[in-house]
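Visitor: Please take a close look at one part of this model for me. I would like to hear about the charged pairs, and then how the surroundings compare.

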Amino acid sequence: MRAKFSNEVLASPSGAEMTSIMRACVHCGFCNATCPTYQIKGDELDGPRGRIYLIKSMLDDAPVSNSTQVHLDRCLTCRSCETTCPSGVRYSRLLELARPMVETKVRRRPWDRFQRWLIRLVIPYPARFAALMAVARILKPLMPRVLGELVPAAPSKANDSGAVVRSRQMILLDGCVQQSAAPSINAAARDIFNQLEIQLRSFPNSGCCGAVSYHLGEVAEAQRYAKNNIDAWTDTLEAGAEAIVSTSTGCAVMLKEYGDLLSENPVYAERAKKIADIVRDPCEVIDPQALSRIYQAQSVPRIAFHAPCTMQHGMDAASKAEACLRAVGFELTNVPDGHLCCGSAGSYSILQPDLANRLLDQKLTALESDAPAKIVTANIGCLMHLQRRAGPQVLHWLELIRPHRVRGH
Ligand code: SF4
Ligand code: SF4
(Lines give C-alpha, C1' and ligand atoms only; values in the text may rest on other atoms or scores of the structure.)
(Ligands and ions follow the chains in the order given, each with its own letter.)
Protein backbone atom coordinates (compact mmCIF):
# COMPACT_ATOMS: atom_id res chain seq x y z
CA MET A 1 0.00 0.00 0.00
CA ARG A 2 1.49 3.33 -1.02
CA ALA A 3 1.31 5.93 1.70
CA LYS A 4 2.93 9.17 2.74
CA PHE A 5 3.15 9.48 6.49
CA SER A 6 4.33 12.43 8.54
CA ASN A 7 7.70 12.30 10.29
CA GLU A 8 5.83 12.49 13.59
CA VAL A 9 3.97 9.25 12.80
CA LEU A 10 7.09 7.49 11.55
CA ALA A 11 9.03 8.51 14.68
CA SER A 12 6.51 7.15 17.22
CA PRO A 13 6.92 3.44 18.08
CA SER A 14 3.30 2.50 17.35
CA GLY A 15 3.17 4.73 14.25
CA ALA A 16 6.31 3.11 12.87
CA GLU A 17 4.94 -0.38 13.52
CA MET A 18 1.59 0.47 11.94
CA THR A 19 3.16 1.91 8.80
CA SER A 20 5.37 -1.14 8.47
CA ILE A 21 2.32 -3.45 8.73
CA MET A 22 0.35 -1.40 6.20
CA ARG A 23 3.17 -1.32 3.69
CA ALA A 24 2.92 -5.11 3.41
CA CYS A 25 -0.64 -4.78 2.07
CA VAL A 26 -0.78 -5.03 -1.74
CA HIS A 27 -4.48 -4.13 -1.81
CA CYS A 28 -5.48 -7.38 -3.52
CA GLY A 29 -8.73 -7.79 -1.55
CA PHE A 30 -8.44 -11.59 -1.13
CA CYS A 31 -9.15 -11.02 2.58
CA ASN A 32 -12.64 -9.67 1.88
CA ALA A 33 -13.70 -13.14 0.69
CA THR A 34 -13.30 -14.62 4.18
CA CYS A 35 -14.32 -11.61 6.28
CA PRO A 36 -17.65 -12.25 8.07
CA THR A 37 -18.60 -8.58 8.33
CA TYR A 38 -17.85 -7.92 4.66
CA GLN A 39 -19.94 -10.97 3.75
CA ILE A 40 -22.92 -9.61 5.69
CA LYS A 41 -22.61 -5.88 5.00
CA GLY A 42 -21.18 -5.97 1.48
CA ASP A 43 -19.46 -2.64 2.18
CA GLU A 44 -15.75 -2.24 1.38
CA LEU A 45 -15.30 -0.33 4.65
CA ASP A 46 -16.63 -3.33 6.59
CA GLY A 47 -13.88 -5.56 5.22
CA PRO A 48 -10.19 -5.69 6.18
CA ARG A 49 -8.90 -3.86 3.10
CA GLY A 50 -11.30 -0.95 3.71
CA ARG A 51 -10.44 -0.84 7.40
CA ILE A 52 -6.73 -0.72 6.59
CA TYR A 53 -7.53 2.18 4.27
CA LEU A 54 -9.37 4.00 7.10
CA ILE A 55 -6.40 3.51 9.43
CA LYS A 56 -4.00 4.72 6.76
CA SER A 57 -6.12 7.87 6.27
CA MET A 58 -5.97 8.51 10.01
CA LEU A 59 -2.17 8.29 9.98
CA ASP A 60 -2.16 10.56 6.91
CA ASP A 61 -3.77 13.17 9.17
CA ALA A 62 -7.09 13.11 7.33
CA PRO A 63 -10.07 14.03 9.55
CA VAL A 64 -11.28 11.04 11.59
CA SER A 65 -15.04 10.83 11.81
CA ASN A 66 -17.55 8.75 13.70
CA SER A 67 -17.80 6.63 10.53
CA THR A 68 -14.19 5.42 10.98
CA GLN A 69 -15.01 4.34 14.53
CA VAL A 70 -18.21 2.57 13.44
CA HIS A 71 -16.43 0.48 10.78
CA LEU A 72 -13.54 -0.43 13.09
CA ASP A 73 -16.00 -1.30 15.89
CA ARG A 74 -17.76 -3.75 13.57
CA CYS A 75 -14.55 -5.77 13.17
CA LEU A 76 -14.70 -8.98 15.22
CA THR A 77 -10.88 -9.25 15.42
CA CYS A 78 -11.48 -12.83 14.27
CA ARG A 79 -8.27 -12.85 12.16
CA SER A 80 -9.88 -14.81 9.34
CA CYS A 81 -8.39 -12.17 7.03
CA GLU A 82 -4.90 -12.86 8.38
CA THR A 83 -4.96 -16.54 7.46
CA THR A 84 -6.23 -15.62 3.97
CA CYS A 85 -3.77 -12.79 3.27
CA PRO A 86 -0.99 -13.83 0.86
CA SER A 87 1.24 -10.97 2.05
CA GLY A 88 1.21 -11.83 5.75
CA VAL A 89 -0.36 -8.53 6.82
CA ARG A 90 -0.68 -8.52 10.65
CA TYR A 91 -4.11 -6.95 10.54
CA SER A 92 -5.15 -7.68 14.14
CA ARG A 93 -2.01 -6.03 15.52
CA LEU A 94 -2.68 -3.01 13.30
CA LEU A 95 -6.23 -2.77 14.62
CA GLU A 96 -5.14 -3.06 18.26
CA LEU A 97 -2.74 -0.16 17.71
CA ALA A 98 -5.31 1.90 15.81
CA ARG A 99 -8.25 1.56 18.19
CA PRO A 100 -6.78 3.64 21.06
CA MET A 101 -5.84 6.35 18.52
CA VAL A 102 -9.41 6.54 17.25
CA GLU A 103 -10.65 6.82 20.85
CA THR A 104 -8.58 10.00 21.27
CA LYS A 105 -10.01 11.54 18.09
CA VAL A 106 -13.72 10.62 18.24
CA ARG A 107 -15.87 11.04 21.33
CA ARG A 108 -18.36 8.21 21.82
CA ARG A 109 -22.01 8.75 22.68
CA PRO A 110 -22.83 8.53 26.43
CA TRP A 111 -24.68 5.18 26.13
CA ASP A 112 -21.77 3.65 24.23
CA ARG A 113 -19.30 4.90 26.84
CA PHE A 114 -21.51 3.59 29.65
CA GLN A 115 -21.78 0.11 28.11
CA ARG A 116 -18.01 -0.13 27.67
CA TRP A 117 -17.36 1.11 31.19
CA LEU A 118 -19.83 -1.44 32.61
CA ILE A 119 -18.25 -4.31 30.65
CA ARG A 120 -14.80 -3.39 31.98
CA LEU A 121 -16.18 -2.99 35.50
CA VAL A 122 -17.89 -6.40 35.66
CA ILE A 123 -16.55 -9.00 33.23
CA PRO A 124 -12.93 -9.23 34.48
CA TYR A 125 -14.09 -9.86 38.07
CA PRO A 126 -15.66 -13.31 38.74
CA ALA A 127 -17.50 -12.25 41.94
CA ARG A 128 -19.03 -9.17 40.29
CA PHE A 129 -20.02 -11.18 37.21
CA ALA A 130 -21.60 -13.93 39.35
CA ALA A 131 -23.57 -11.37 41.41
CA LEU A 132 -24.83 -9.55 38.31
CA MET A 133 -25.89 -12.80 36.66
CA ALA A 134 -27.70 -13.94 39.83
CA VAL A 135 -29.79 -10.75 39.74
CA ALA A 136 -30.26 -11.01 35.96
CA ARG A 137 -31.61 -14.57 36.27
CA ILE A 138 -34.32 -13.33 38.65
CA LEU A 139 -35.27 -10.50 36.29
CA LYS A 140 -34.98 -12.58 33.10
CA PRO A 141 -38.76 -13.25 32.74
CA LEU A 142 -39.32 -9.48 32.58
CA MET A 143 -36.62 -8.81 29.97
CA PRO A 144 -37.07 -8.51 26.19
CA ARG A 145 -36.09 -11.80 24.46
CA VAL A 146 -32.84 -10.43 22.95
CA LEU A 147 -31.64 -9.17 26.35
CA GLY A 148 -32.81 -12.27 28.22
CA GLU A 149 -30.79 -14.47 25.85
CA LEU A 150 -27.61 -12.83 27.15
CA VAL A 151 -28.23 -14.22 30.63
CA PRO A 152 -26.57 -17.64 30.97
CA ALA A 153 -28.13 -20.52 32.89
CA ALA A 154 -26.78 -21.07 36.41
CA PRO A 155 -23.62 -23.19 36.18
CA SER A 156 -23.70 -26.76 37.48
CA LYS A 157 -21.39 -27.41 40.43
CA ALA A 158 -17.92 -28.39 39.30
CA ASN A 159 -16.78 -31.86 40.27
CA ASP A 160 -13.21 -30.83 41.03
CA SER A 161 -10.85 -33.64 41.97
CA GLY A 162 -8.43 -31.06 43.41
CA ALA A 163 -4.68 -30.88 43.12
CA VAL A 164 -2.49 -33.99 43.10
CA VAL A 165 1.21 -33.20 43.29
CA ARG A 166 3.08 -34.30 40.15
CA SER A 167 6.66 -33.74 39.11
CA ARG A 168 5.50 -32.17 35.83
CA GLN A 169 3.85 -28.88 36.69
CA MET A 170 2.10 -26.24 34.61
CA ILE A 171 0.27 -23.05 35.50
CA LEU A 172 -3.46 -22.92 34.81
CA LEU A 173 -5.02 -19.54 33.99
CA ASP A 174 -8.22 -19.49 36.05
CA GLY A 175 -9.58 -16.66 33.93
CA CYS A 176 -12.43 -14.37 34.87
CA VAL A 177 -15.91 -15.06 33.42
CA GLN A 178 -15.17 -18.76 33.08
CA GLN A 179 -14.55 -19.15 36.82
CA SER A 180 -18.12 -18.24 37.65
CA ALA A 181 -19.94 -19.19 34.42
CA ALA A 182 -18.41 -22.62 33.77
CA PRO A 183 -16.12 -23.84 36.59
CA SER A 184 -16.50 -27.40 35.27
CA ILE A 185 -14.15 -26.61 32.37
CA ASN A 186 -11.03 -26.04 34.46
CA ALA A 187 -12.10 -28.90 36.76
CA ALA A 188 -12.11 -31.18 33.69
CA ALA A 189 -8.71 -29.85 32.63
CA ARG A 190 -7.21 -30.47 36.08
CA ASP A 191 -8.61 -34.01 36.16
CA ILE A 192 -7.47 -34.97 32.64
CA PHE A 193 -4.00 -33.48 33.12
CA ASN A 194 -3.74 -35.28 36.44
CA GLN A 195 -4.45 -38.59 34.66
CA LEU A 196 -1.66 -37.65 32.24
CA GLU A 197 0.60 -37.05 35.27
CA ILE A 198 0.76 -33.29 34.92
CA GLN A 199 -0.25 -31.01 37.78
CA LEU A 200 -2.10 -27.84 36.81
CA ARG A 201 -1.54 -25.20 39.46
CA SER A 202 -3.89 -22.26 40.02
CA PHE A 203 -2.90 -18.90 41.45
CA PRO A 204 -5.70 -16.91 43.15
CA ASN A 205 -3.67 -13.70 42.85
CA SER A 206 -3.68 -13.99 39.03
CA GLY A 207 -6.77 -12.75 37.20
CA CYS A 208 -8.22 -11.61 33.90
CA CYS A 209 -5.80 -11.93 30.97
CA GLY A 210 -6.59 -8.33 29.91
CA ALA A 211 -8.34 -9.16 26.63
CA VAL A 212 -11.60 -7.39 27.56
CA SER A 213 -9.79 -4.09 28.10
CA TYR A 214 -7.35 -4.56 25.21
CA HIS A 215 -10.08 -5.11 22.63
CA LEU A 216 -11.91 -2.02 23.88
CA GLY A 217 -8.81 0.08 23.25
CA GLU A 218 -7.89 0.41 26.97
CA VAL A 219 -4.24 -0.53 26.60
CA ALA A 220 -2.97 0.78 29.97
CA GLU A 221 -5.65 -1.24 31.76
CA ALA A 222 -4.74 -4.38 29.79
CA GLN A 223 -1.10 -3.81 30.73
CA ARG A 224 -2.06 -3.70 34.41
CA TYR A 225 -3.80 -7.08 34.16
CA ALA A 226 -0.79 -8.51 32.32
CA LYS A 227 1.68 -7.24 34.93
CA ASN A 228 -0.42 -8.66 37.75
CA ASN A 229 -0.42 -12.11 36.11
CA ILE A 230 3.31 -11.98 35.39
CA ASP A 231 4.00 -11.13 39.05
CA ALA A 232 1.72 -13.98 40.21
CA TRP A 233 3.50 -16.58 38.05
CA THR A 234 7.15 -15.52 38.04
CA ASP A 235 8.34 -17.54 41.08
CA THR A 236 6.63 -20.74 39.89
CA LEU A 237 8.04 -20.36 36.40
CA GLU A 238 11.50 -19.83 37.79
CA ALA A 239 11.00 -22.96 39.91
CA GLY A 240 10.47 -25.00 36.74
CA ALA A 241 6.81 -24.90 35.66
CA GLU A 242 6.82 -25.94 32.01
CA ALA A 243 3.97 -23.95 30.53
CA ILE A 244 0.97 -21.71 31.11
CA VAL A 245 -2.24 -23.47 30.09
CA SER A 246 -5.46 -21.68 29.24
CA THR A 247 -8.65 -23.62 28.53
CA SER A 248 -10.07 -20.57 26.80
CA THR A 249 -8.45 -19.84 23.44
CA GLY A 250 -9.39 -16.16 23.59
CA CYS A 251 -7.35 -15.79 26.78
CA ALA A 252 -4.51 -17.93 25.39
CA VAL A 253 -4.13 -15.66 22.36
CA MET A 254 -4.11 -12.62 24.64
CA LEU A 255 -1.38 -14.18 26.81
CA LYS A 256 0.61 -14.87 23.66
CA GLU A 257 0.48 -11.11 22.97
CA TYR A 258 2.02 -10.11 26.32
CA GLY A 259 5.39 -9.68 24.60
CA ASP A 260 3.95 -7.01 22.27
CA LEU A 261 1.78 -5.49 24.99
CA LEU A 262 4.72 -4.82 27.33
CA SER A 263 7.53 -4.50 24.81
CA GLU A 264 8.30 -0.93 25.93
CA ASN A 265 8.25 -1.65 29.66
CA PRO A 266 11.82 -2.00 30.95
CA VAL A 267 10.76 -4.04 34.02
CA TYR A 268 8.35 -6.47 32.38
CA ALA A 269 9.33 -6.72 28.69
CA GLU A 270 11.64 -9.72 29.02
CA ARG A 271 9.38 -11.73 31.34
CA ALA A 272 6.34 -10.88 29.19
CA LYS A 273 8.06 -12.27 26.11
CA LYS A 274 9.09 -15.45 27.93
CA ILE A 275 5.54 -15.98 29.16
CA ALA A 276 4.10 -15.40 25.69
CA ASP A 277 6.41 -18.12 24.36
CA ILE A 278 5.19 -20.83 26.76
CA VAL A 279 1.42 -20.28 26.64
CA ARG A 280 -0.41 -23.41 25.50
CA ASP A 281 -3.93 -24.56 24.78
CA PRO A 282 -4.54 -28.01 26.35
CA CYS A 283 -4.54 -29.56 22.86
CA GLU A 284 -0.97 -28.30 22.39
CA VAL A 285 0.13 -30.24 25.48
CA ILE A 286 -1.95 -33.43 25.36
CA ASP A 287 -0.59 -36.35 23.36
CA PRO A 288 -3.63 -37.94 21.63
CA GLN A 289 -2.15 -41.45 21.93
CA ALA A 290 -1.60 -41.09 25.67
CA LEU A 291 -5.11 -39.67 25.99
CA SER A 292 -6.61 -42.63 24.13
CA ARG A 293 -5.08 -45.08 26.63
CA ILE A 294 -7.00 -43.40 29.46
CA TYR A 295 -10.19 -42.16 27.80
CA GLN A 296 -12.37 -44.06 25.34
CA ALA A 297 -15.95 -43.25 24.32
CA GLN A 298 -18.14 -46.37 24.71
CA SER A 299 -20.36 -45.59 21.74
CA VAL A 300 -19.26 -43.38 18.85
CA PRO A 301 -21.29 -40.21 19.29
CA ARG A 302 -21.15 -37.77 16.38
CA ILE A 303 -19.82 -34.43 17.54
CA ALA A 304 -19.69 -31.03 15.82
CA PHE A 305 -16.52 -29.15 16.70
CA HIS A 306 -16.68 -25.36 16.58
CA ALA A 307 -13.07 -24.20 16.31
CA PRO A 308 -12.95 -20.68 17.81
CA CYS A 309 -11.33 -18.03 15.60
CA THR A 310 -8.65 -17.59 18.24
CA MET A 311 -7.87 -21.30 17.97
CA GLN A 312 -7.85 -21.63 14.18
CA HIS A 313 -6.70 -18.19 13.01
CA GLY A 314 -4.83 -17.09 16.12
CA MET A 315 -3.05 -20.31 17.17
CA ASP A 316 -3.40 -22.70 14.22
CA ALA A 317 -4.30 -25.41 16.73
CA ALA A 318 -7.77 -26.63 15.70
CA SER A 319 -6.47 -29.85 14.13
CA LYS A 320 -4.78 -30.77 17.43
CA ALA A 321 -8.03 -30.53 19.40
CA GLU A 322 -9.77 -32.54 16.68
CA ALA A 323 -7.03 -35.19 16.91
CA CYS A 324 -7.65 -35.51 20.67
CA LEU A 325 -11.40 -35.95 20.14
CA ARG A 326 -10.86 -38.57 17.43
CA ALA A 327 -8.32 -40.42 19.59
CA VAL A 328 -10.96 -40.81 22.30
CA GLY A 329 -13.34 -42.24 19.71
CA PHE A 330 -15.62 -39.39 18.73
CA GLU A 331 -16.68 -38.97 15.13
CA LEU A 332 -16.57 -35.35 13.98
CA THR A 333 -19.34 -34.13 11.72
CA ASN A 334 -18.88 -31.93 8.69
CA VAL A 335 -19.24 -28.21 9.53
CA PRO A 336 -19.61 -25.96 6.45
CA ASP A 337 -17.82 -22.59 6.51
CA GLY A 338 -15.94 -23.57 9.65
CA HIS A 339 -13.60 -20.61 9.15
CA LEU A 340 -16.35 -18.07 9.91
CA CYS A 341 -16.79 -16.48 13.33
CA CYS A 342 -19.81 -17.34 15.53
CA GLY A 343 -20.21 -13.66 16.48
CA SER A 344 -19.11 -13.95 20.10
CA ALA A 345 -15.75 -12.15 19.92
CA GLY A 346 -15.45 -11.10 23.57
CA SER A 347 -17.78 -8.21 24.28
CA TYR A 348 -18.78 -7.93 20.58
CA SER A 349 -22.02 -9.86 21.15
CA ILE A 350 -23.09 -7.18 23.67
CA LEU A 351 -21.90 -4.15 21.69
CA GLN A 352 -22.87 -5.31 18.18
CA PRO A 353 -25.97 -7.47 18.81
CA ASP A 354 -27.39 -7.37 15.25
CA LEU A 355 -24.24 -8.64 13.54
CA ALA A 356 -23.48 -11.04 16.40
CA ASN A 357 -26.95 -12.60 16.22
CA ARG A 358 -26.82 -13.03 12.45
CA LEU A 359 -23.45 -14.74 12.75
CA LEU A 360 -24.76 -16.91 15.60
CA ASP A 361 -27.74 -18.10 13.55
CA GLN A 362 -25.47 -18.86 10.56
CA LYS A 363 -23.02 -20.74 12.77
CA LEU A 364 -25.66 -22.85 14.51
CA THR A 365 -27.23 -23.76 11.16
CA ALA A 366 -23.79 -24.93 9.98
CA LEU A 367 -22.99 -26.79 13.20
CA GLU A 368 -26.35 -28.60 13.31
CA SER A 369 -26.47 -29.38 9.58
CA ASP A 370 -24.88 -32.83 9.93
CA ALA A 371 -27.05 -33.89 12.92
CA PRO A 372 -24.47 -34.01 15.74
CA ALA A 373 -25.37 -35.34 19.20
CA LYS A 374 -23.39 -32.51 20.83
CA ILE A 375 -21.47 -29.37 19.89
CA VAL A 376 -18.08 -28.77 21.47
CA THR A 377 -15.80 -25.76 21.41
CA ALA A 378 -12.69 -24.40 23.13
CA ASN A 379 -13.39 -20.84 24.25
CA ILE A 380 -15.73 -19.61 27.00
CA GLY A 381 -17.02 -16.71 24.89
CA CYS A 382 -18.04 -18.97 21.98
CA LEU A 383 -19.47 -21.53 24.40
CA MET A 384 -21.76 -19.02 26.15
CA HIS A 385 -22.75 -17.41 22.84
CA LEU A 386 -23.71 -20.76 21.26
CA GLN A 387 -25.51 -21.90 24.43
CA ARG A 388 -27.81 -18.88 24.18
CA ARG A 389 -29.71 -20.60 21.37
CA ALA A 390 -28.49 -24.21 21.50
CA GLY A 391 -28.58 -24.75 25.28
CA PRO A 392 -26.64 -27.30 27.30
CA GLN A 393 -25.81 -29.50 24.29
CA VAL A 394 -22.82 -27.12 23.84
CA LEU A 395 -19.77 -28.09 25.92
CA HIS A 396 -16.06 -27.48 26.15
CA TRP A 397 -14.23 -30.40 24.47
CA LEU A 398 -12.47 -31.30 27.75
CA GLU A 399 -15.85 -31.56 29.52
CA LEU A 400 -16.98 -33.97 26.82
CA ILE A 401 -13.93 -36.21 27.22
CA ARG A 402 -13.72 -36.27 31.03
CA PRO A 403 -16.55 -38.79 31.81
CA HIS A 404 -15.13 -41.34 29.33
CA ARG A 405 -12.26 -42.57 31.51
CA VAL A 406 -11.49 -46.24 30.97
CA ARG A 407 -12.22 -48.33 34.06
CA GLY A 408 -9.06 -49.09 36.04
CA HIS A 409 -7.45 -45.72 35.34
S1 SF4 B 1 -5.35 -9.96 1.46
FE2 SF4 B 1 -3.64 -8.98 2.59
S3 SF4 B 1 -2.53 -7.84 1.01
FE4 SF4 B 1 -4.55 -8.33 0.13
S5 SF4 B 1 -5.85 -6.52 0.63
FE6 SF4 B 1 -6.13 -8.00 2.28
S7 SF4 B 1 -4.62 -7.40 3.84
FE8 SF4 B 1 -3.99 -6.40 1.94
S1 SF4 C 1 -10.59 -9.61 11.82
FE2 SF4 C 1 -12.39 -10.71 11.02
S3 SF4 C 1 -14.05 -9.19 10.98
FE4 SF4 C 1 -12.11 -8.06 11.23
S5 SF4 C 1 -11.52 -7.50 9.15
FE6 SF4 C 1 -10.49 -9.44 9.60
S7 SF4 C 1 -11.88 -11.04 8.83
FE8 SF4 C 1 -13.06 -9.12 8.96
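Guide: Aspartate 191 and arginine 402 are both buried. The model is predicted. These two residues form a salt bridge, with the closest N and O atoms 3.0 Å apart. The pair links distant parts of the chain. Aspartate 191 sits in helix α12, residues 183-195. Arginine 402 sits in the segment after α24 (397-401). They are 211 residues apart.

A second pair joins two helices. Aspartate 361 and arginine 389 form a salt bridge, and their closest N and O atoms are 2.6 Å apart. Aspartate 361 belongs to helix α22 (residues 353-368) and arginine 389 to helix α23 (residues 380-390), so this bridge ties together parts that are 28 residues apart in sequence. Aspartate 361 has a relative accessible area of 38%, so it counts as partly exposed. Arginine 389 has 29%, so it is partly exposed as well.

Arginine 49 forms a salt bridge with glutamate 44, and the closest N and O atoms are 2.7 Å apart. Arginine 49 counts as buried because its relative accessibility is 18%, and the limit for buried is under 20%. Glutamate 44 is partly exposed, at 29%.

Side chains of opposite charge can pair when their charged atoms come close. The structure holds 28 salt bridges. Some are linked: Asp73, Glu103, Arg108, Asp112 and Arg116 make up a network of salt bridges.

Now to helix α8. This helix covers residues 110-122 and holds tryptophan 111. Tryptophan 111 counts as exposed because its relative accessibility is 57%, and exposed means over 50%.

Next, ligand 2. This ligand takes up the space of the second largest cavity. There are 13 residues around ligand 2, and Cys35, Arg51, Cys75, Cys78 and Cys81 come nearest. Three helices each supply at least two residues of the shell: α3 (36-41), α4 (48-59) and α6 (80-84).

Last, a loop. Valine 164 lies in the loop between α10 (145-148) and β1 (168-172). At 36% relative accessibility, valine 164 counts as partly exposed. Valine 164 and arginine 190 are 26 residues apart in sequence, and their C-alpha atoms are 9.2 Å apart in space.

Key: Residues numbered from 1 in each chain as written. Chains lettered and ligands numbered in written order. Predicted model: local features only at pLDDT ≥ 70, side-chain atom pairs only at ≥ 80, totals over all residues. Heavy atoms only, no water. Helix = DSSP H or I, 4+ residues; strand = E, 2+ residues; numbered from the N terminus. Buried < 20%, exposed > 50% of the residue type's maximum accessible area, 1.4 Å probe, protein only. Near = heavy atom within 4 Å. 1 Å grid on protein atoms, 1.4 Å probe; cavity = no way out; pocket = protein on both sides within 12 Å on 5 of 7 lines; lining within 4 Å. Sits in = over half its atoms within 2 Å of the grid points. Salt bridge = Lys/Arg side-chain N within 4 Å of Asp/Glu carboxyl O.
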